[in-house]
Amino acid sequence: MFIWDFVADKILGQIVDWFYSQVVGFLGNFFSEMGSMGAELFEMNWVQSVVLFFSYLGWALFATGLVVAVFECGIEYSAGRGNVKETALNVLKGFLAVSLFTQVPVRLYSLAISLQGTLTAGITGFGSTSIGDAAKAALADLENLESLTESTYPLRGFGRETSGLMVLFCLILMAYAVIKVFFSNLKRGGILLIQIAVGSLYMFSVPRGYGDGFVQWCKQVIGLCLTAFLQATILVAGLMVFKDHALLGLGLMLSAGEIPRIAGAFGLDTTTKANLTSAVYTAQSAVNIARTVAAK
């Protein structure tokens, strides 16, 4: 019976590890598919219509800003302080911004999701090995084993002695981390759409040389894509570590939920709160200046 328990423990332990890695790989693939759904949101006809509307709005604000920039340059030039080269450079920046602000965020987000899916599949080995390969590897390890005392034990991430309360507490924290990342992925496509809509409001300022708000908007888009890549990757890495080192794995999983806050500390804020006020102020300024020009 001792030999049978030892063999079952050695072989079944590795097969259970294979099943666990496949489940975690499925979870990583699920988050990747969910992120792909956020990118596929922009393939819907009504979403494309919304994006086209804000693209036209961006072009209208760019044209208004271009006229204002020319007038400002003329006024400054008449006073001997004009810089035609700088004005032309700002107009070129505005043209590139208004041409790309509806396309680049979606492509960058799709790239981040694709990289996340590939990396998590590599970490977990999802789809790369079959159960037969896992059994063969277990038998090979059994043949190379020199001592019968080298036995594994269940829940080795908790140590040889643990309480049921500790296991329950860790499982609750693990579920909390997974659910938090799940809801973050669920709303990310909508956040990207909102960011594109808000980005159109900066097209009035860029040709006039006021690009700080648009630069902050670019940081928001980069932060969103970085969060989409890192959150699921860190979560899957934590799940893989959890079976061997429970507390360390929990630390990794819980840190996945802190990625947006850490990115925000470096200016890569993934929300729309930071720039919404300045964007509305920019739009109001554009409307007021357009009314002034029309009145004259």
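Helices are taken here as DSSP runs of type H or I with at least four residues, and strands as E runs of at least two. On this basis the predicted model contains eleven helices and zero strands. The order along the sequence is accordingly α-α-α-α-α-α-α-α-α-α-α.

Of the 296 residues of the protein, 39% are buried. The accessible surface amounts to about 16,500 Å², and carbon and sulfur atoms contribute 69% of this area. Among contacts with a sequence separation of 6 or more, 85% join residues 24 or more positions apart.

Helix 2 spans residues 45-78 and comprises 34 residues. The distance from its first C-alpha to its last is 49 Å, close to the 50 Å expected at 1.5 Å a residue. Buried positions in helix 2 include V47, V51, L61, F62 and V68, together with the glycines G58 and G65. S55, A69 and C73 of helix 2 are also buried. Just after helix 2, G80 adopts a positive phi of about 85 degrees.

The largest nonpolar core consists of 31 residues, within which F42, Y109, M203 and F214 have the most contacts. At least two residues of this core come from each of helix 2, helix 3 (84-100), helix 4 (104-124), helix 7 (188-199) and helix 8 (212-242). The greatest contribution is that of helix 8, with six residues. When neighbours within four places in sequence are set aside, F214 is in contact with A97, Y202, M203 and V206.

Key. Residues are numbered from 1 along each chain as its sequence is written. This is a predicted model: local features need pLDDT of at least 70, side-chain atom pairs count only at pLDDT 80 or more; totals for chains, interfaces and linings use all residues. Side-chain values use heavy atoms; hydrogens and water are left out. Buried means under 20% relative accessible area, exposed over 50%, partly exposed in between (1.4 Å probe, protein chains only). Contact means heavy atoms within 4.5 Å. Accessible areas come from the Shrake-Rupley method with a 1.4 Å probe; for residues, only the protein chains shown count as cover. The expected span of a helix is 1.5 Å times one less than its number of residues. A nonpolar core is a set of buried Ala, Val, Leu, Ile, Met, Phe, Trp, Tyr and Cys residues joined through side-chain atoms within 4.5 Å.
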